[in-house]
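Me: I've just opened this one and I'm new to it. Can you walk me through it?

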Amino acid sequence: MSEQPLEGAVALVTGAGDGIGAATARRLAREGAVVALLGPRGDRLRQVVGDIADFGGYAVAVEADLTEPDRAEDAVQEALDRFGRLDVLVNDAGIMLLNSALHTTVEEWDRMVALNVAALLHVTHAAVPHLIYAAATSPRQVADLVNVGSTAGRAARPGSSVYSLTKSGLNAFTESLRQELLGERVRVSVVEPGFGEAGQGIAGAGALRAEDVADAIGYIVTRDRRVAVNQMMVRSGDQTW
């Protein structure tokens, strides 16, 4: 038996140029998956592709603005054309712009809705039929869809009104999709990171790192098909809410 539980699987990770997305791409490649990295910055994606190649994994970069529905569909299809299947989708693309309703701009709100919600929907809609096919035909007999949310989807704070709106909506979307795809053996999960080291309010040695969240995602998608870990919150040990 292979020591890599995702050997032969194909994973697609959005927002894979940095942060949680990049760490997740590296983690899934270490588990044996080949990985398609989606994001708007080709230079950053190619750096992660190089990181993965350095430890013997394989990944490709697909540069795309996922807020455009046609481009998101094309990006998913590009990954399918390259690898022939899709076993794991991780929706990590997102942006957090914190400000009060009095001082923010409508453009900032629109940017968050476009990336945190619309891009998620575009990629998911394009990928779901292929995840269903993978679950029916792969040796694993299961496929996985993981959405990266936030503790802000559970506990709204001042300055986070629209960000919290997008992440609480993500939770509802994920749960509905989970129920819809139960019979298709596509597991649908949400991982909710707390604040971490990237300027999000907690600093120091105890800060949550991107790799910590990637570990949670890696755990979810490598469970035996009889097990579904549908929801996981990952916070710094120092976060109080």
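Me: Let's start with a helix. Which residues of H6 are buried?

Reply: In this predicted model, the buried residues of H6 are Ala210, Val213, Ala214, Ala216, Ile217, Gly218, Ile220 and Val221.

Me: And what covers the buried residues of H6?

Reply: The cover includes helix H1 along with strands S4, S5, S6 and S7. H6 itself, residues 210-221, lies across S4, S5, S6 and S7, and runs at about 160° to S6.

Me: How far does H6 reach from its first C-alpha to its last?

Reply: It has 12 residues and reaches 17 Å, close to the 16 Å expected at 1.5 Å a residue.

Me: You mentioned H1. What span should H1 have, and how far apart are its end C-alpha atoms?

Reply: H1 covers residues 19-30, so at 1.5 Å a residue its 12 residues should span 16 Å; the end C-alpha atoms are 17 Å apart, which agrees.

Me: Which residues of H1 are buried?

Reply: Those are Ile20, Gly21, Ala22, Ala23, Thr24, Ala25, Leu28 and Ala29. After H1 comes Gly32, which has a positive phi, near 110°.

Me: OK, on to the sheet. What order do the strands come in?

Reply: The order is S3-S2-S1-S4-S5-S6-S7, an open sheet of seven strands with parallel pairing. At the edges sit S3 (59-63) and S7 (231-234), each pairing on one side only. From one strand to the next, the twist averages 15°.

Me: How many bridges join S4 to S5?

Reply: Four, between S4 (residues 88-91) and S5 (residues 143-148), and the two run parallel. Leu89 stands opposite Leu145 in S5.

Me: Which strands does H5 touch?

Reply: H5, residues 161-181, packs on the sheet and touches S5 and S6 (186-193). The direction of H5 makes about 160° with that of S6.

Me: Is Asn116 buried or exposed?

Reply: Buried, because its relative accessibility is 2% and the cut-off for buried is under 20%.

Me: What does its side chain make a polar contact with?

Reply: The side chain of Thr166, in a polar contact of 3.2 Å.

Me: Which residues is Asn116 in contact with, leaving aside neighbours within four places in sequence?

Reply: Ala93, Gly94, Ile95, Tyr163, Thr166 and Lys167.

Notes. Residues are numbered from 1 along each chain as its sequence is written. This is a predicted model: local features need pLDDT of at least 70, side-chain atom pairs count only at pLDDT 80 or more; totals for chains, interfaces and linings use all residues. Side-chain values use heavy atoms; hydrogens and water are left out. Buried means under 20% relative accessible area, exposed over 50%, partly exposed in between (1.4 Å probe, protein chains only). A polar contact is a pair of N or O atoms within 3.5 Å; within protein, one must be able to donate a hydrogen and the other to accept it, and residues adjacent in sequence count only if both atoms are side-chain atoms. Contact means heavy atoms within 4.5 Å. Two strands pair if DSSP finds at least two bridges between them. Axes are lines fitted to C-alpha atoms, for helices over the stretch in contact, and angles run from 0 to 180 degrees between N-to-C directions. The expected span of a helix is 1.5 Å times one less than its number of residues.
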